[in-house]
Amino acid sequence: MNEAIKISNLTKIYYKNGKEVKVVNDLNLSIPKGKVFGFLGPNGAGKTTTIKMINSLIKPDTGEIKIFGQSSSEMEVKKKIGFMPENPYFYHYLTANEFLKFTCNIFEIAKSKQEKLIKEILKRVGLQESASVQLRNFSKGMGQRIGVAQALTNNPEVIFLDEPLDGLDPIGRIELKKIILEEKKKGKTIFFNSHILSDVEEISDYIGIIDQGKLIKTGLTNEIVPKNTTLEKYFVELIEKERQKK
């Protein structure tokens, strides 16, 4: 099946001061297998809510989410998913090594394979020298790296990364973009959010732009962004234009 993720008529409603607010409003997306999808929008646009619904952390009010043709809430599907939340919570008294062992156990990875796997993952994310450091002593950038590490532990087929580049220095961003592209070469599908639009433009095959819960543009990155401009400039102009219509 060429389609990795299919989202149909997805809606999430919250209530603020007794007023109905559609945080995600009738969202439809189709993302091919083995591609990098950048999900863009201003703060509060509905990006994180969408990712949380895909990963069954919150329930949609209406709509359907399928991964490889199956409901994303099924356990068989969850085992194929890697997920890094926007603000990951860690057991701060654990070391990086202990935390990844904990993650391996969740995915029932054989103990005989864990030590080698953890060493490889920590090296990939640049934390091999910090394996014995407690997570409470990690900087913001190190926390982002260990968040990516745990998302890769189960060798997922689909990887969701919510603001993975936030807090990383330029070298860290380059290294993470390299990891994303390496996963793509393996046939993995990557769905990520970022406000660093130059990075999104660099590595995304497809983009979707959402504002105030509504998807306003989606398609191939190199077809959406006009020539002689940047994704960042196009994004700002599109959002301003859409809001002027209201």
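Colleague: Where does F68 lie?

Modeller: F68 lies in the loop between β4 and β5, where helices (H or I, at least four residues) and strands (E, at least two) are DSSP runs numbered from the N terminus. Please keep in mind that this is a predicted model, in which local features need pLDDT of at least 70 and side-chain atom pairs count only at pLDDT 80 or more, while totals for chains, interfaces and linings use all residues. Residues are numbered from 1 along each chain as its sequence is written, and side-chain values use heavy atoms, with hydrogens and water left out.

Colleague: Okay, and is F68 buried or exposed?

Modeller: F68 is buried, at a relative accessible area of 16%; here buried means under 20% relative accessible area, exposed means over 50%, and partly exposed is in between, using a 1.4 Å probe and protein chains only.

Colleague: What about phi of F68?

Modeller: Phi of F68 is near 50 degrees, which is a positive value in a residue other than glycine. S56 is another residue that is not a glycine and has a positive phi, in that case about 60 degrees.

Colleague: Where is S56 found, then?

Modeller: S56 is found in the loop between α1 and β4, and its positive phi comes just after α1. With 28% relative accessibility, S56 counts as partly exposed, whereas F68 is buried.

Colleague: You mentioned α1, so which residues of α1 are buried?

Modeller: They are K47, T49, T50, I51, M53 and I54. Because six of the eight residues of α1 are buried, this helix is largely enclosed by the rest of the structure.

Colleague: Let's turn to the sheet. What is the order of its strands?

Modeller: The order is β2-β1-β4-β5, in an open sheet of four strands with antiparallel pairing. The edges are taken by β2 (19-32) and β5 (70-71), and each has a single partner strand, so one side of each is left without a neighbour in the sheet. As for the word itself, two strands pair if DSSP finds at least two bridges between them.

Colleague: How many bridges join β1 to β4?

Modeller: Five bridges join strand β1, which covers residues 3-16, to strand β4, which covers residues 62-67, and the two run antiparallel. If you want a place to look, I7 stands opposite I65 in β4. Helix α1 (residues 47-54) packs on this sheet and touches β1, β2 and β4, where contact means heavy atoms within 4.5 Å.

Colleague: New topic: where is the place of D199?

Modeller: D199 has its place in helix α7, which covers residues 197-203, and D199 is buried with a relative accessible area of 2%. If its neighbours within four places in sequence are left aside, D199 is in contact with L165, R173 and K177.

Colleague: And which residues does T153 touch?

Modeller: T153 touches L100, T103, C104, I109, L117 and I121, when residues up to four places away in sequence are not counted. T153 is found in the loop between α5 and β7, and T153 is buried, with a relative accessible area of 2%.

Colleague: Which residues line the largest cavity?

Modeller: Its lining includes R124, V125, Q144 and R145. The elements that give two or more residues to this lining are α5 (140-152) and α6 (170-185), and the largest share, four residues, comes from α6. The largest cavity holds about 60 Å³ of space.

Colleague: And what volume does the second largest cavity have?

Modeller: The second largest cavity has a volume of about 40 Å³, and the elements giving two or more residues to its lining are α5, β7 (158-162) and α6. Here α6 gives the most, with three residues, and V148 and I179 are among the lining residues.

Conventions: Axes are lines fitted to C-alpha atoms, for helices over the stretch in contact, and angles run from 0 to 180 degrees between N-to-C directions. On a 1 Å grid over the protein atoms alone, a cavity is a set of points where a 1.4 Å probe fits but cannot get out, and a pocket is an open set with protein on both sides within 12 Å along at least five of seven lines; lining residues have an atom within 4 Å of a point. Grid points are joined across faces, edges and corners, and a volume is the space filled by probe spheres set on the points.
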